[in-house]
Amino acid sequence: MNNRDRNIQIFEEGKRLWETNERLCKSIARSIRTQRFVGAKEEIPFSPSTEGDPARVVVSRKRTLEAAEPYVREGRKTCILNFASATNPGGGVTRGSSAQEECICRSSTLYPCLNTRELWNRFYSPHRKTGNPMIASIRPTYACSGRTQRSRSFCRKKTGGT
């Protein structure tokens with residue numbers, strides 16, 4: 001089995017899991033209810049926190065979920081940056097692609113949070129209508145997809161070749 005077919009199989013197995021596991025279904029529903037898309041003409045609300053430590057940005061050579069894992073285990077609020085596709089939820093995850101977003105979607109419950117009517121209407125479809133997938137805006141979506149379902153081995157580093 002080639003890598004693309006393997007990636008599709010892994011994604012489909014994960015999809016079956018988050019469609020049938022009651023705990024994951026509830027977690028996904030909660031994430032979708034609380035996620036927030038910020039449109040191009042909207043401002044991100046800011047209010048200085050009076051509690052806790054200020055945010056800290058960490059740049060690491062580790063894979064995304066691998067880098068976040070220790071902070072999550074410690075109970076810290078953790079945010080990851082998803083280098084997202086502007087035209088497809090999960091990028092090419094359903095077609096077996098292997099980039100960062102696809103790996104996150106194969107390893108967590110992020111994909112169903114991205115594949116919503118609101119995000120299609122406000123983000124993916126407008127980008128598709130440009131006719132130029134290379135033109136992307138910087139529009140953040142806050143999605144609290146706090147469940148990972150796979151080990152980080154499914155996000156293998158490329159070791160050469162294709």
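This is a predicted model: local features need pLDDT of at least 70, side-chain atom pairs count only at pLDDT 80 or more; totals for chains, interfaces and linings use all residues.
Colleague: Okay, so how do you know that the reach of helix α2 is close to what is expected?

Modeller: Helix α2, residues 22–34, has 13 residues, and 18 Å is expected at 1.5 Å a residue. From its first C-alpha to its last, α2 reaches 18 Å, close to that value.

Colleague: And what about the span of α1?

Modeller: That one agrees too, because the 18 residues of α1 should span 26 Å and its end C-alpha atoms are 26 Å apart.

Colleague: How do you know that the buried residues of α1 line one face of the helix?

Modeller: The buried residues are Asn7, Ile10, Phe11, Gly14 and Trp18. Seen down the axis of α1, they fall within an arc of 100 degrees, so they line one face. What covers them includes α2, α4 and α5.

Colleague: Which residues of α2 are buried?

Modeller: Leu24, Ser27, Ile28 and Ser31. They cover an arc of only 100 degrees around the axis, which puts them on the same side of α2. These buried residues pack against α1 and α5, while the face turned away from them carries the exposed Glu22, Lys26 and Arg33.

Colleague: What makes asparagine 21 a cap for α2?

Modeller: A side-chain oxygen of asparagine 21 lies 2.9 Å from the backbone nitrogen of arginine 23. The cut-off for a polar contact is 3.5 Å, so asparagine 21 caps the N-terminal end of α2.

Colleague: Over to the rings. Why is the pair of phenylalanine 37 and phenylalanine 123 called edge-to-face?

Modeller: Their planes are 65 degrees apart, and planes over 60 count as edge-to-face. The centres are 6.0 Å apart, within the 6.5 Å limit for a pair. Phenylalanine 37 sits in strand β1 and phenylalanine 123 in helix α6, 86 residues apart.

Colleague: Then why is the pair of tryptophan 120 and tyrosine 124 called tilted?

Modeller: The planes of tryptophan 120 and tyrosine 124 are at 55 degrees.

Colleague: Is tryptophan 120 buried or partly exposed?

Modeller: Partly exposed, because its relative accessibility is 22% and buried means under 20%. Tyrosine 124, with a relative accessible area of 2%, is buried.

Colleague: Which residues form one aromatic cluster?

Modeller: Phe37, Trp120, Phe123 and Tyr124.

Key: Residues are numbered from 1 along each chain as its sequence is written. Side-chain values use heavy atoms; hydrogens and water are left out. Helices (H or I, at least four residues) and strands (E, at least two) are DSSP runs, numbered from the N terminus. The expected span of a helix is 1.5 Å times one less than its number of residues. Buried means under 20% relative accessible area, exposed over 50%, partly exposed in between (1.4 Å probe, protein chains only). The arc is that of the directions from the helix axis to the C-beta atoms. Contact means heavy atoms within 4.5 Å. A polar contact is a pair of N or O atoms within 3.5 Å; within protein, one must be able to donate a hydrogen and the other to accept it, and residues adjacent in sequence count only if both atoms are side-chain atoms. Rings of Phe, Tyr and Trp (its six-membered ring) pair if their centres lie within 6.5 Å; planes under 30 degrees apart count as stacked, over 60 as edge-to-face and the rest as tilted.
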